[in-house]
Each structure stands twice: as structure tokens, then as C-alpha cells.
Amino acid sequence: DVEEFLTDKVLIGTTVTVQPPTYTDLICTLAYTKTDQYTTAEVEENIKIAILTGFGYVNATFAETIYPRDVEFMVLQAPGVKTVNVTALHLAAGSGANTMVGTAGQIWRFQETNINIGVI
């Protein structure tokens, strides 16, 4: 669709090539405390929703840098979360709470199965 849209807008003698992004899955492990009004199940569902929508398709950008504190900020917006600490943010083969720096064609992706949640 993008190539088709740009076809009549490029200069004569030039071409447009659109390449698909490289989606790279992140693994996130965090621990939280909750407020008394919410059940553990409710809060953990709210945490997953916050991460999956906050870093989801609509909000994703190429070559984005994601800090552990960015995930913590997003999770703190979830109903029922009192405190949160990201203990791991990395690729499948990695470990630790890393700053994730994307490359030109890369988009970071969180999937529910890669979000590990524990209680402080």
C-alpha cells in the first residue's frame, strides 16, 4: 500500500523500496505490590494490558530505545499497582535489566508469554 501510494509522487528515475520491519521479542520480568482494593489476578491482568498496549503496534516506532524505567512508568499507570520494579528486560538469549536500543528497521515487541510477573 505504501509503495502504491508513493508511485506517482517520486521523482522520475527514482524508485521506492519498502521493506518489512524486523519484530524483535523482548522478555520482561517484574515484581510489584498492589493496592488493597484489587485482587492479584486483576492487577496482573492490568499490568499485562498496560505493557501490551503501551508498547503495542499503535505506539511502536522504528529504532526505539526502551529503558526498564519506561516499562515501570507504564505499569504504574495500571489500576491497582502500588509499586513496581523491572528486574529483567532483555532478548531471549540475554539476561538482566538492560536498556534496549533498536536499530533502523527494528521494532520491539512484547508478547504476553514473555511477561513474567511476581509479587514483592
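The accessible surface of the protein chain comes to about 7,600 Å² (Shrake-Rupley method, 1.4 Å probe; for residues, only the protein chains shown count as cover). Carbon and sulfur atoms hold 55% of that surface. This is a predicted model: local features need pLDDT of at least 70, side-chain atom pairs count only at pLDDT 80 or more, and totals for chains, interfaces and linings use all residues. Residues are numbered from 1 along each chain as its sequence is written, and side-chain values use heavy atoms, with hydrogens and water left out.

Start with the fold. From the N terminus, their order is α-β-α-β-α-β-β-β. The radius of gyration, taken over C-alpha atoms, is 18 Å, well over the 14 Å of the globule rule for 120 residues (2.2 Å times the number of residues to the power 0.38), so the chain is more spread out than a compact globule. Its C-alpha atoms fill a box of roughly 65 × 30 × 20 Å along the principal axes.

Of the 120 residues, 30% count as buried (under 20% relative accessible area; exposed is over 50%, partly exposed in between; 1.4 Å probe, protein chains only). Contacts are heavy atoms within 4.5 Å. Among those between residues at least 6 apart in sequence, 71% join residues at least 24 apart.

Now the charged pairs. The whole structure holds three salt bridges (a side-chain nitrogen of Lys or Arg within 4 Å of a carboxyl oxygen of Asp or Glu). Asp25 and Arg109 pair at 2.6 Å, N to O. Asp25 sits in strand β1 and Arg109 in strand β5 (residues 106–119), so this bridge ties together parts 84 residues apart in sequence. Lys48 and Glu112 pair at 3.6 Å, N to O. Lys48 belongs to helix α2 (residues 40–54) and Glu112 to strand β5, so the parts tied together are 64 residues apart in sequence. Lys48 is partly exposed at 22% relative accessible area, and Glu112 is partly exposed at 43%. Lys9 and Asp8 also meet, at 2.9 Å, N to O. Here Asp8 is exposed at 63%, while Lys9 is partly exposed at 48%.

Last, a nonpolar patch. Val2, Val16 and Val18 form it on the surface, with about 210 Å² of accessible area together. Patch residues have over 30% relative accessible area and no salt bridge; like charges are joined within 9 Å, nonpolar side chains (Val, Leu, Ile, Met, Phe, Trp, Tyr) within 5 Å. Val18 lies in the loop between α1 (2–6) and β1 (22–34). Its relative accessible area is 40%, so Val18 counts as partly exposed.

Key. Helix = DSSP H or I, 4+ residues; strand = E, 2+ residues; numbered from the N terminus.
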